[in-house]
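Student: Before we discuss the aromatic residues, could you show me the structure, and then explain the terms as we use them?

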Amino acid sequence: PLSAHAAQAFKSAVLPALAWGLVSSLYELAEDLRAEAQAELAPKFRHWQGRLEWYCIDFWTRELRIDIAALHREEAHRAAWLPGARRFLETLRERGKRLVLMTNSHPTILAIKHAQTGVLDFLDAAYSSHQFGVPKEHPQFWQASREAAGFDPARSVFVDDSRAVLHAAIAAGIAHVRGVRRPDTSSAPHAHEEFLSIDGVIDLL
């Protein structure tokens, strides 16, 4: 666990931004910490990045001694649809397309977002990497998710903002992979020079 000093520095410097940023933002947020706290936190973030623990709020609650799920519940009002996302899902539903969410988000976080937005009502199924014990970056995730969801990689479109995840999807045989440049309206656009890319899912229509 973190020292009491580092935990307090984390709370005072990072929590306002972390509250809806999810654990995937931890490494970047470490830059905002005081130097002494950063020295303790940054190695932890680097060590776990890309592994299932990186996305696990239970793990980080134990490590940081901060109730991250409670923080998300307090900030649930910040969950909102990205521009065009709802219309995109509505349109594909009207066209009879099957919509499946594959996410690294912890099931608790996904439930909080659904309670605020109703996003799962627009999908045929949703799978968290926590169900399979490996993140989307891992080949085993794609084998397990294919068995669970029954999708045909040759006829599937997969959209993500993570370079590592996009490469994993391509390696798994997903025929149509797109990188999202603007997964978050509050941050700078992602550069996806290696992939066909879109600003948001609405661009696929």
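Tutor: A search of the whole structure finds eight aromatic pairs, where rings of Phe, Tyr and Trp (its six-membered ring) pair if their centres lie within 6.5 Å, and planes under 30 degrees apart count as stacked, over 60 as edge-to-face and the rest as tilted. The model is predicted, so local features need pLDDT of at least 70 and side-chain atom pairs 80 or more, while totals for chains, interfaces and linings use all residues. Residues are numbered from 1 along each chain as its sequence is written, and side-chain values use heavy atoms, without hydrogens and water.

Student: Why is the pair of W81 and F122 called edge-to-face?

Tutor: The ring centres of W81 and F122 are 5.3 Å apart and the planes stand at 80°, so the pair is edge-to-face.

Student: What makes W81 partly exposed, and what makes F122 buried?

Tutor: Buried means under 20% relative accessible area, exposed over 50%, and partly exposed in between (1.4 Å probe, protein chains only). W81 has 26%, so W81 is partly exposed, whereas F122 has 14%, so F122 is buried.
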